[in-house]
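Subject: Structure for your files

Dear colleague,

Here is the structure I said I would pass on. My notes on the strands, the helices and the chain contacts follow it.

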Protein chains: 2
Amino acid sequence: MSAINSDIFQHHMSENVCFGCGMHNSEGLQIKSRWEGELSVCDWVPLEKYHGWSNLLNGGIMATLIDCHSMCTAMADACKREGRPLDSFPEYRYATGTLNIKYLKPTSTLHPIRLEAKVVEAKGRKTRLTCDLISQNEITATAEVFAILVFDESKKEPQNPFKN
Amino acid sequence: MSAINSDIFQHHMSENVCFGCGMHNSEGLQIKSRWEGELSVCDWVPLEKYHGWSNLLNGGIMATLIDCHSMCTAMADACKREGRPLDSFPEYRYATGTLNIKYLKPTSTLHPIRLEAKVVEAKGRKTRLTCDLISQNEITATAEVFAILVFDESKKEPQNPFKN
């Protein structure tokens, strides 16, 4: 685990073992998301093993980056709307309801990736976001994502992630 | 690389280094797809590192499985429509145009996964498919996928994967 930076959403997600966004998964992508104004951004450097074609990023790994960055953004947005810091009680976690991705151009593995997500609507347990994946200053994939609140530390009962 | 089985689509994709479906990526998911009647199926056993929560599969890895199985199915379907075996000339490769996934239930990492894909329509360079991800006899995610023919061994000119 890297040094704690209070701006990074994932540094406030305790015991997160997720392949995409878990700081506690040494074999995962370990994305790091933060606010940049109204946008939530993530900079990530591809590893060769995640290619789809030689020097081009695999579409599923792109989906993983978009998915995890969007879920973490939904969590951070919920805290922001409640006017409280990321490390305050209760901890929230979101899971993906729907992931719709359009692939626009090939994405190089030789250059860093940037993700930019924006919350479009947050209503009840659902958050709708858009997320662009950017490589060399071009949007190479764009997505609409629905996130669902599936864990609320303040609730005793376990919640069904897929019931509204 | 495992022993050649002529039924497996990926065994006929030369030099495929893809993280999801490449037989030539020792660090990848190495999915293996085959026909079962009109359905294209893939059985895959999750590794713990690909979890999203403890014992539950990461949504992005599910997207990777769906994406790669669908692209390989589009390729195999094109050969089938042309009435020729997978190892015949010309070799085709597809890339993802659109990937729309609905996550319906949590997916265990403790049980094998099955993917079932079906070609809905094939027209020009585009193939539309549906793909279900099944765990413990339940569909836990369902997807609609558009595949685009991006490599045709019989064409000399490189093709732009994202132009129609």
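Please keep in mind that this is a predicted model. I start with chain B, where strand S7 (residues 126-135) and strand S8 (residues 138-152) pair in the antiparallel sense over ten bridges. One residue pair to look at is Thr130(B), whose bridge partner in S8(B) is Glu144(B).

These strands belong to an open sheet of twelve strands with antiparallel pairing, in the order S1(A)-S2(A)-S6(A)-S7(A)-S8(A)-S5(A)-S5(B)-S8(B)-S7(B)-S6(B)-S2(B)-S1(B). S1 of chain A and S1 of chain B (33-36) stand at the edges with a single partner strand each, so one side of each has no neighbour in the sheet. On average, neighbouring strands are turned by 30 degrees against each other, direction ignored.

Four bridges join the two strands, and Glu36(A) has Leu39(A) as its bridge partner.

The chains meet in the sheet through S5(A) and S5(B), which run antiparallel and are joined by five bridges; Thr98(A) is partnered by Lys102(B). In total, 33 residues of chain B are in contact with 33 residues of chain A. On the chain B side, S5(B) gives the largest share, eight residues. That side divides into 14 nonpolar, 14 polar and five charged residues.

As for the helices, H1(B) lies across strands that include S5 of chain A, and runs at about 135 degrees to S5(B).

Regards

Methods:
Residues are numbered from 1 along each chain as its sequence is written. Chains are lettered from A and ligands numbered from 1 in the order in which they are written. This is a predicted model: local features need pLDDT of at least 70, side-chain atom pairs count only at pLDDT 80 or more; totals for chains, interfaces and linings use all residues. Two residues are in contact if their C-beta atoms, placed from the backbone, lie within 7 Å. Ala, Val, Leu, Ile, Met, Phe, Trp, Tyr, Cys and Pro count as nonpolar, Asp, Glu, Lys and Arg as charged, and the others, Gly among them, as polar. Two strands pair if DSSP finds at least two bridges between them. Axes are lines fitted to C-alpha atoms, for helices over the stretch in contact, and angles run from 0 to 180 degrees between N-to-C directions.
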